[in-house]
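Open the model in a viewer and keep the selection tool at hand. The stops below say what to select and what is there.

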Amino acid sequence: MKQTREIKNFIYSQYLADGLRITFGVLLPPLLLSQSGHLEAGIAVSMGAITTSIPDYPGAVIHKRNAMLFSILFMTIVSLLTGLINDYPLLIVAEIFSLCFFFSMFNTFGNRAASIGTGVLIIMIINIDQNFTVRSIFEYTGLLVVGGIWYMGLSLAVSQFKPYRIAQHALGDCIHQVAVYLNLKAVFYEADFNFDDTYKKLIDQQIIVHQQQDVVREILFKNRLITKSPSNTARLLILIFVDVIDLFERTMASHYDYRTIQKNYAASGVLNEFHKILSNISKELENLGYDINANERPRPSQDFQVQLEDLKSKIDLVDNNLVLKKILVNIRNIVNRINTMYNYFSDKKLENVDLSDEKDLRRFVSAQVLDPKQFIENLSLKSGIFRHALRVAIVAVIGYGISKLLPLGHHSYWILLTILVILKPGFSLTKQRNYQRLIGTVAGGIAGALIVYYIHDTTIRFMFLMVFMILAYSFQRLNYVVSVLFMTPYVLIMFSFIGLGSLSLVQERILDTFIGSFIALIASYFLFPSWEYPQLKSFMRKLLIANYQYLAKVAEGLAGKELNITEYKLIRKELYVRSANLASAYQRMLSEPKSKQIKVREASKFIVLNHMLSSYNATLIAAMRSDRPVKINNGHVKLIKRALYQLCEGISQLKDKEEDFMETDVSIQEPTLHPDVENRDSKLITEQLGFIEKSAGDILKTTKRITEN
């Protein structure tokens, strides 16, 4: 059942939609032109379409359009330049070095700009071994431009024809990832769970959730069609996304000291009920995400009222059950939020629902400014991007030299292509891509060879070609190994249609891939290497600052200051971003050589403690956003001031040249409760602030160990 759902999810996903669109855009020109005997022209148009498709991934339509336009412009310049000088080896070497450096520096402007550079460099590499006359290079470049314009027109037409489908796909995926996160939270209520392992999985999943939320934000909040004059569908998508983010925070706000909870309540059997209901809620979220992804009207599959009442009756039988009741309240809030999302689909008056101002919505999207000053500022060996660009340029020249010196066949440019797609700014990413490329190429090469050798019917071969193309382009963002696995036989079958389908071609591709992979891996280790540990301290400091600001917002709320929802959500988003950045850097460090993995345990503990701290803060924020006013006493004031002080100390320990932190002046008014008077809510605040203060203290101790030489 689960596998069937996953297959259906993929069928309705944006990944398959992208694969179908790219395949159609790439395959149609050669099919049409081959009918009139112009297959080579069709292949050139197809290459222009492939290059233009590389920066065409989910995001704001205006960003995709601009990226494709720049891709066509640079493709035109590079194609003409390469074609005009490819008879002069020294000029080609100079071109390879300068263009590889220049376009690798595009990483400065983000992933979409970097993908433009990758596509353009592929055109350069393919043109190097071509024999052009002046006329033929202009004709060939013109065909590339036609292919680029054709694909861009196709992509923009699809976006206009179904303007909300991309957002639905992204939102459905986002809800699915939140469901996975909630299912991991349910594990904490299992008997004998592995605390460290579960926490690692939880933080890894938080990275995925954040990345998916960022994709949805860009699609929704940078699309003027959605934000300026929203239709009912647009309002629906925005409302659901806002509720999904709040629901995700609720899942974080349900964080407690799970070891203590297991110790105090495991014998009662009530924790199994918590695990059961959280698992069921996770399944309900999966159903909701699936229906949105499939463009179907979502309908609840479970009635949680009975489950909640049953859970409440079992909690009432447990002594000292205040913590359990608070967890139950939070679960009720999560269920209510899910019910609210379902109700949107039956509400015909969504036009009356007030949405944030367009300017407010756009504040939640990370802006990528294309400022030439950024490029210039990164022209230093201190910059990881500069070192990466220099590494790519040098290694590309070495790869080109090897392809010319050794008798490697007629497609030795595959060495350069392998180097280009494998070599990443960090060693861990290069290593990962290396293994993925090799596994996919070998397995795909064997599959392609078997098809070419045993299947002679051109119609059946073409069917294989089309299926492999769709799957290769569908998995290029989802799973690189699978993408390469299908890409290799697709390339081999394509060559077979132009009379180059021999087994020697398979051997050549595999050999070239191994040579390119070896060169890239060695270079990433020895040539201007970029290791993660030196950057960890910067990520840690930024995360501590974000957690400090989040806690300061809690302190302001306890002081009686009204909570500005927009400002609070921006602080919360920044915290999630910085938490995900640190966790990602830590994961990359674990893939590096052991000698480069420094203070691994301390870094892991730092990440876990910060996640716990933000979860405790979220619990208090949830209490402050409730209807009842929060009352505090002197003990609360001391705890929160001590926690803020400890975070400040941690930030100062992780000194940075950039002074990007200013201590917040939080003035807490006279307590509203006498120190000796505590009600039930006050006890919970005392408990949560105790957790916060302890977490802040532990973070400070861990930070000191990290900064010790």
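## A helix crossing to start with

Begin with helices H3 and H7, where H3 passes H7 in a right-handed crossing. This is a predicted model. To show the pair, select residues 39–53 for H3 and residues 134–161 for H7. Their axes come within 7 Å and cross at roughly 50°. An angle of that size makes H3 oblique to H7.

Now colour the residues that make the contact. On H3, they are Ala41, Ala44, Val45, Met47, Gly48, Ala49, Thr52 and Ser53. On H7, they are Tyr140, Leu143, Leu144, Val146, Gly147, Gly148, Trp150, Tyr151 and Met152.

Stay on H3 and select Gly42, which is found in this helix. Is Gly42 buried or exposed? Its relative accessibility is 0%, so Gly42 counts as buried. Beyond its neighbours within four places in sequence, Gly42 is in contact with Pro29, Pro30 and Leu33. Select Leu31 as well: its C-alpha lies 7.3 Å from that of Gly42, and the two residues are 11 apart in sequence.

## The whole protein

Zoom out and show everything as a cartoon. The protein has 28 helices and zero strands. There are 709 residues, and 55% of them are buried. Switch to a surface view: the accessible surface comes to about 32400 Å², and carbon and sulfur atoms account for 57% of that area. Among contacts with a separation of 6 or more, 83% are between residues 24 or more positions apart.

## The nonpolar cores

Hide the surface and select Phe274 and Leu285. Within the largest nonpolar core, which has 117 residues, these two touch the most other members. Next, select residues 533–558, which form helix H24; this helix gives the most to the core, with 15 residues. A second, separate core has 90 residues, including Ile85, Leu99, Val482 and Leu492. In soluble globular proteins, nonpolar side chains tend to be buried together.

Return to Leu285 and show what surrounds it. With neighbours within four places in sequence left aside, Leu285 is in contact with Ile175, Val178, Ala179, Leu182, Leu247, Ile338 and Met341.

Select residues 384–405 for helix H18 and residues 413–422 for helix H19. How far apart are the axes of H18 and H19, and at what angle do the helices pack? The axes are 8 Å apart, and the angle is about 160°. H18 and H19 are therefore roughly antiparallel to each other. H18 passes H19 in a right-handed crossing.

To see where they meet, show side chains on both helices. Val395, Ala396, Gly399, Tyr400 and Ser403 belong to H18, and they meet Ile415, Leu416 and Ile419 of H19.

## Two residues with positive phi

Select Asn295, in the loop between helix H13 (270–293) and helix H14 (304–316). Asn295 is not a glycine, yet its phi is positive, at about 60°. Asn295 counts as partly exposed because its relative accessibility is 47%.

Then select Lys599, in the loop between helix H25 (565–590) and H26. Lys599 also has a positive phi, near 50°, in a residue other than glycine. With 23% relative accessibility, Lys599 counts as partly exposed.

Why does Tyr616 count as buried? The cut-off for buried is under 20% relative accessible area, and Tyr616 has a relative accessibility of 2%.

Finish at Lys655, which lies in the loop between helix H27 (634–653) and helix H28 (680–707). Lys655 is exposed, with a relative accessible area of 74%. The C-alpha atoms of Lys655 and Lys537 are 8.6 Å apart, while the two residues are 118 apart in sequence.

How values were computed
Residues are numbered from 1 along each chain as its sequence is written. This is a predicted model: local features need pLDDT of at least 70, side-chain atom pairs count only at pLDDT 80 or more; totals for chains, interfaces and linings use all residues. Side-chain values use heavy atoms; hydrogens and water are left out. Buried means under 20% relative accessible area, exposed over 50%, partly exposed in between (1.4 Å probe, protein chains only). A nonpolar core is a set of buried Ala, Val, Leu, Ile, Met, Phe, Trp, Tyr and Cys residues joined through side-chain atoms within 4.5 Å. Helices (H or I, at least four residues) and strands (E, at least two) are DSSP runs, numbered from the N terminus. Contact means heavy atoms within 4.5 Å. Accessible areas come from the Shrake-Rupley method with a 1.4 Å probe; for residues, only the protein chains shown count as cover. Axes are lines fitted to C-alpha atoms, for helices over the stretch in contact, and angles run from 0 to 180 degrees between N-to-C directions. Angles under 35 degrees count as roughly parallel, over 145 as roughly antiparallel, 65 to 115 as roughly perpendicular and the rest as oblique. A crossing is left-handed if the near helix is turned anticlockwise from the far one by less than a right angle, and right-handed if clockwise.
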